[in-house]
Amino acid sequence: MPGARAVAGWVGRHPVGAFVVFFAVFPFLVPYKALASQVLIFGLFALGFNLLYGYTGLLSFGHAAYYGLGAYGTGIALAKLKLGSLWLGLAAGPLLAVLGGAAIGFFCLRRRGIYFAMLTLAFAQLLYFIAFHLADLTGGDDGLRGIPQLPVNLFGWKISIESTLGFYYFAFALVCLAVAGLKRILDSPFGTVLQAIRENGDRAAACGYDVRRIKHLSFVFSALFAGLAGALDALRLAVVPVESLYWVTSGQVVIMTLLGGAGTFFGPFVGAGTYLVLEDRLSVFTESWPLVIGLIFMTFVLFLPKGIWGTLVANLPGGASAEGQP
Amino acid sequence: MEFSVAAVLPQIFTGLVLGMIFVLLAIGLSLIFGLMTVVNFAHGALYMLGAYFTVFFLGYTRNFWLALLLAPLMVGMFGLLVERFLIRRLYGRSPDDPLLLTFGLSLVLIETAKLLWGKIGLTLDPPRELGGAVNLGFMAFPAYRLFVIAVTVVVLLALWAFLTRTNVGLIIRAGSRDPLMVRALGIDLNRIWLLVFGIGCGLAGLAGALAGPMRGAYAEMGVTMVIESFVVVVVGGMGSLLGAVVAGIMMGQVVGITTFFAPQLAEIMVFVVMALVLLVRPSGIFGEAGLME
């Protein structure tokens, strides 16, 4: 099909444009509009995870830490410190996530491979227990409540984000910026070195790159994206549940990214959409929906390690060009 | 509050019992990792299965001792199946893949446990023979907890003898040093890996079976345990069994003593100790040494 080939080629040349076009109409393609915002936010979370795992080759099992820090940063700024500005509140979360990512990354990057994965998980659990016990600041087990959905103040314009669609397009604008930012990172020399480290860290080091510093930077960028996702989710729900720091959240983003396709540009969003639609549909029938998702995930690890998008790109005619590959 | 020795001693003993559970879990993780470079994330779920199987066999046979023997064996057998039909497909792929697979497996096992045995969890009484407390002279301590310490010591000694005094143990130690060389000598390492994975899982099952009468059985009981056991392995030095034992006992003490002075910090202290060890000695206390050295 020459038509499909042309579309795939255009998608590959303008991935950010394709993202904007698709997600501009996305709320009208899903069963209900709240799901669209969820896909967008978890897609952003998975995008951050994918930068570290898919592109740098570092498997973090504790990405809930940065998502949770982002959510709590924004939540505490708006609900406890009563910052009157949405922008300041929204900035506080990712800032906290970046600081946390810089500190935790420093420790975790002292070890490689499997150790790294489990260390990230250990630090995320540490933050979970801290948030659990610091109830005065975080609300503890009850979660942080009372986050106001302040109107967006854009050059004097006041836009409400209280409606589902209003919030969706507010989040959409920010996620588009994040996706464009990721594209910029991947196209930069820094992004190329990340992928070189994924392929062969020793060789990258031999070429004179400061591998540990570059990994640390990648970690911090990844935490930034995850933190922005957490901050947006805090605004969406108007509450931060303490589970946002729990290992289950870390597991979710791992599953989403691998379902969609690690190391692909659109994979994280494909994975987030698949996961959330599955959860939505399955939970109607059974409380044990995580069992089904767990089995699907195991099947993917065993037989489809490239994920849905990665497999499509590898097997469809013209598919490779949809990922910008010649 | 008075910090008398008499008040702290029971905490030290309670910490020692927790340390024993850590040691059993960590030594299985470390053994599997040392030989196969596989991190078994499902270790916590197998610990949980150990506890549930004990409840199940106890109800079936009415004999705690038989249940305590059968449950770890069943978990070990399950481990054999996992290695043979799941993990084995992933050799030669990225070392992250077995971790991801066993993560999925632990989700499946936790949800299956909820389906089979309910969400609330079950309680398990220690056998009547071990129901009371033993007077140690300086204090009284629950007999069952002393039993847990004794069983762990016996199992550790048996494992040590197995690894150092038998031919299979020799092959296991050699295989963790240089698998290629062991293969070149005509030894079928696949069977050794299968065995070691089974033993490691069986030890997790034993830990769960022993913990059952103290903590009950519930679907998510293994999640925090597997993370903390991994911390123990990191602190002790990955692949070092002596490190797993020393660090396991140490972490048990850290939790036990912190619980006495500041209970809400107990869960956090484990990770603080880990961060400190990582700063000072990134490879862990016994990190440089090989298996059993």
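This is a predicted model: local features need pLDDT of at least 70, side-chain atom pairs count only at pLDDT 80 or more; totals for chains, interfaces and linings use all residues.
**Entry: H3 and H8 of chain B.** I began with a pair of helices and found that H3(B) and H8(B) make a right-handed crossing. H3(B) covers residues 64-85, and its axis lies 7 Å from that of H8(B), at an angle of about 140°. I then looked up who meets whom. On the H3(B) side the list includes B:Leu68, B:Pro72, B:Met74, B:Phe78, B:Glu83 and B:Arg84. On the H8(B) side I noted, among others, B:Trp193, B:Phe197, B:Cys201, B:Leu206 and B:Ala209. Sorted by class, this contact holds 16 nonpolar, six polar and two charged residues.

**Entry: H8(B) by itself.** How far apart are the end C-alpha atoms of this helix? I found 38 Å between them. The helix has 27 residues (189-215), and at 1.5 Å a residue it should span 39 Å, so the two values agree. I also asked how much of H8(B) is covered, and the tally is 20 buried residues out of 27.

**Entry: B:Leu195.** This leucine sits in helix H8 of chain B. Is B:Leu195 buried or partly exposed? It counts as partly exposed, because I find 17 C-beta neighbours inside 10 Å, while a buried residue needs 20 or more. I also checked its distance to B:Leu80: the C-alpha atoms are 7.2 Å apart, although 115 residues separate the two along the chain.

**Entry: B:Ala6.** Next I went to helix H1 of chain B, where B:Ala6 lies. B:Ala6 has 9 C-beta neighbours inside 10 Å, so it counts as exposed. Its C-alpha atom is 7.6 Å from that of B:Met139, a residue 133 places away in sequence.

**Entry: the largest nonpolar core.** Which residues touch the most other members of this core? They are A:Met118 and A:Ala122, in a core of 206 residues. The largest share comes from H1 of chain B (residues 5-36), which gives 16 residues.

**Entry: where chain A touches chain B.** I looked up the contact between the chains: 31 residues of chain A are in contact with 31 residues of chain B. On the chain A side, H6 (113-133), H12 (247-260) and H14 (289-303) each supply at least two residues. Which helix gives the most? It is H6(A), with 14 residues. By class, I noted 23 nonpolar, six polar and two charged residues on this side of chain A.

**Entry: H4 and H5 of chain A.** Back to helix pairs. The axes of H4(A) (residues 64-80) and H5(A) (residues 86-108) come within 7 Å and cross at roughly 145°. H4(A) passes H5(A) in a right-handed crossing. From H4(A), the residues making the contact include A:Tyr66, A:Leu69, A:Gly73 and A:Ala77. From H5(A) they include A:Leu88, A:Pro94, A:Gly100 and A:Ile104. The classes here are 14 nonpolar, seven polar and no charged residues.

**Entry: positive phi without glycine.** The loop between H4 and H5 of chain A holds A:Lys82. It is not a glycine, yet its phi is positive, about 55°. I located A:Ala238 in the loop between H11 (211-237) and H12 of chain A. With 16 other C-beta atoms within 10 Å, A:Ala238 is partly exposed.

**Entry: A:Thr164.** My last stop was H8 of chain A (residues 164-187), which contains A:Thr164. It is partly exposed, with 15 other C-beta atoms within 10 Å. Leaving out its neighbours within four places in sequence, A:Thr164 is in contact with A:Lys33, A:Ala34 and A:Ser37. A:Leu295 is 131 residues along the chain from A:Thr164, and their C-alpha atoms are separated by 33 Å.

How values were computed: Residues are numbered from 1 along each chain as its sequence is written. Chains are lettered from A and ligands numbered from 1 in the order in which they are written. A nonpolar core is a set of buried Ala, Val, Leu, Ile, Met, Phe, Trp, Tyr and Cys residues joined through C-beta atoms within 7 Å. A residue is buried if 20 or more other C-beta atoms lie within 10 Å of its own, exposed if 12 or fewer, and partly exposed in between; C-beta atoms are placed from the backbone. Helices (H or I, at least four residues) and strands (E, at least two) are DSSP runs, numbered from the N terminus. Two residues are in contact if their C-beta atoms, placed from the backbone, lie within 7 Å. Ala, Val, Leu, Ile, Met, Phe, Trp, Tyr, Cys and Pro count as nonpolar, Asp, Glu, Lys and Arg as charged, and the others, Gly among them, as polar. The expected span of a helix is 1.5 Å times one less than its number of residues. Axes are lines fitted to C-alpha atoms, for helices over the stretch in contact, and angles run from 0 to 180 degrees between N-to-C directions. A crossing is left-handed if the near helix is turned anticlockwise from the far one by less than a right angle, and right-handed if clockwise.
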